[in-house]
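Here's a quick briefing to read alongside the sequence and the model. Take a look at the structure first, then work through the notes below.

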Amino acid sequence: MADEIIDYNEEELMTKLRAKRRFRGLLIAINFVLLGYLIYQIGSSIANLVKSAKKVEGIVAILDKSQKESLGIYDQYVKEDKVLDCDFAIYGEKIYFTKDVFNKRNLKPVDDVQILKMETDSDNTIFREALHYDNVEPSLNSGISLLYDKQNKPLEQGDYLFYSDYVSTQDFGNVLRVKNQLDMQYEIYSKPLENDMRIKTTIYAYKHNPALVMNIEYVTVLPDNYYDAIIIGDEDKATIWKNEHFKDLQVLIKNEMSEKEMFEVHTSEIYKIVDDVEDNQEHIIYSSSLLNDGYQNSDNRFIIQNYGYANNDGYMSEFNNEHYVGKKAYIIEW
């Protein structure tokens, strides 16, 4: 059978030709887009590699600067002949410093610790007249708040260093640096303020950083697995206690928790309800301070096991994070 001969007029042929050209043009454009995207991805990967190569492991960037710029700022705040190597423990919302490894039975406290908010001018030079000092503490026993100043006002947003001894615009005193071989950071959150914002405090304990760094910022919500408090005990009683003392806060209520579970949940406060006398309406609450004689007088395992790193009788080794944060623990006799 002979092939069918189709007769196109000139207009139809031109229409088909233009359609083919448009299709080829579209394919070419798509190829250019794909090629451009590929070049962008390769360039971005190279830039990230170069950026990573420039990073110094364990150096905390401060004041929204690069690591290189941050090292220049550290040089102005940290003088090698005025560095005090120390150890620390966080208990509840406070931090405690010792001159040697933290040992409750043989404490060597770092006294007169205060925090200094780092500031520079546009040329990355310390603006001495504007230096911000706060939280002067007379002794180790009182600890240093990680959230508020001496007047119980929220700490200002920014990066801070810890100093001991006399500090002024002429003499920074001794900056505190982590003695142990740490590469850790901790996050602690306040309860909501009047404006519903929360203080978020991050401690950077890096062995290669020139000093121990604290960062303050403000957030609106708690991350997953973070709570304002934990209450352990009878659910009805725990709910009553929550409504009386933690209304509208994020509280975890559990009938019981293992030591490992308590370790894994983040909070500054933890409560345990114990049965005492049925007609007891006082709901007596007690705790043990971290460093005073309450430690020797308290034989309650619940309080002791929540001391965290500050106490060697704390968590068992299989979930010991070396410098794990202690929770302020309370017993409620119901």
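In which helix is the place of isoleucine 304? Isoleucine 304 sits in helix α6, which runs over residues 301-305. Keep in mind that this is a predicted model. The chain has 334 residues, and its secondary structure comes to six helices and 15 strands.

**The chain overall**

- Of the 334 residues, 43% count as buried.
- The accessible surface comes to about 19300 Å², and carbon and sulfur atoms account for 49% of that.

- Isoleucine 304 has a relative accessibility of 12%, so it counts as buried, the cut-off being under 20%.
- Lysine 327 is 23 residues away from isoleucine 304 along the chain, and their C-alpha atoms are separated by 9.9 Å.

**The largest pocket**

- The largest pocket has a volume of about 400 Å³.
- Its lining takes in 25 residues, and the ones nearest the centre are Glu187, Tyr226, His266, Thr267 and Val325.
- Strand β8 (183-189) and helix α4 (259-264) each supply at least two residues of that lining.
- β8 gives the most to the lining, with five residues.
- Sorted by class, the lining of the largest pocket has 11 nonpolar residues, seven polar ones and seven charged ones.

- Strand β9 covers residues 198-206, and arginine 198 belongs to it.
- With a relative accessible area of 4%, arginine 198 is buried, because anything under 20% falls in that class.
- A polar atom of the arginine 198 side chain lies 2.8 Å from the backbone oxygen of serine 190.
- Leaving aside neighbours within four places in sequence, arginine 198 is in contact with a run of residues including Glu217, Tyr218, Val219, Thr220, Val221 and Leu222.
- Ser190, Lys191, Pro192, Asp228 and Gln250 are also among the contacts of arginine 198.

**Alanine 229 in β11**

- Alanine 229 lies in strand β11, which spans residues 229-232.
- The relative accessible area of alanine 229 is 0%, so this residue is buried.
- Beyond its neighbours within four places in sequence, alanine 229 is in contact with Phe246, Gln250, Val251, Leu252, Thr267, Glu269 and Tyr271.
- Thr267 turns up in two places here: it is in contact with alanine 229, and it is one of the residues nearest the centre of the largest pocket.
- Valine 265 is 36 residues from alanine 229 in sequence, with 9.9 Å between their C-alpha atoms.

- Asparagine 215 is part of strand β10, residues 213-219.
- Asparagine 215 has a relative accessible area of 14%, which means it is buried under the 20% cut-off.
- The side chains of asparagine 215 and aspartate 159 are joined by a polar contact of 2.8 Å.
- Not counting residues up to four places away in sequence, asparagine 215 touches Gly158, Asp159, Lys200, Thr201, Thr202 and Tyr204.
- Leucine 155 is found in the loop between β5 (144-145) and β6 (158-164).
- Although it is in a loop, leucine 155 is buried, with a relative accessible area of 2%.
- Residues in contact with leucine 155, beyond four places in sequence, include Ile115, Leu146, Leu147, Tyr160, Met214, Ile216 and Tyr218.
- Leucine 155 and asparagine 215 are 60 residues apart along the chain, with their C-alpha atoms separated by 10.0 Å.

**Two aspartates with positive phi**

- Most residues other than glycine have a negative phi.
- Aspartate 64 has a positive phi, near 60°, and is found in the loop between α1 (10-54) and α2 (67-77).
- At 85% relative accessibility, aspartate 64 is over the 50% cut-off and so counts as exposed.
- Aspartate 196 also has a positive phi, about 70°, and lies in the loop between β8 and β9.
- The relative accessibility of aspartate 196 is 57%, so it counts as exposed too.

How values were computed. Residues are numbered from 1 along each chain as its sequence is written. This is a predicted model: local features need pLDDT of at least 70, side-chain atom pairs count only at pLDDT 80 or more; totals for chains, interfaces and linings use all residues. Side-chain values use heavy atoms; hydrogens and water are left out. Helices (H or I, at least four residues) and strands (E, at least two) are DSSP runs, numbered from the N terminus. Buried means under 20% relative accessible area, exposed over 50%, partly exposed in between (1.4 Å probe, protein chains only). Contact means heavy atoms within 4.5 Å. A polar contact is a pair of N or O atoms within 3.5 Å; within protein, one must be able to donate a hydrogen and the other to accept it, and residues adjacent in sequence count only if both atoms are side-chain atoms. Accessible areas come from the Shrake-Rupley method with a 1.4 Å probe; for residues, only the protein chains shown count as cover. On a 1 Å grid over the protein atoms alone, a cavity is a set of points where a 1.4 Å probe fits but cannot get out, and a pocket is an open set with protein on both sides within 12 Å along at least five of seven lines; lining residues have an atom within 4 Å of a point. Grid points are joined across faces, edges and corners, and a volume is the space filled by probe spheres set on the points. Ala, Val, Leu, Ile, Met, Phe, Trp, Tyr, Cys and Pro count as nonpolar, Asp, Glu, Lys and Arg as charged, and the others, Gly among them, as polar.
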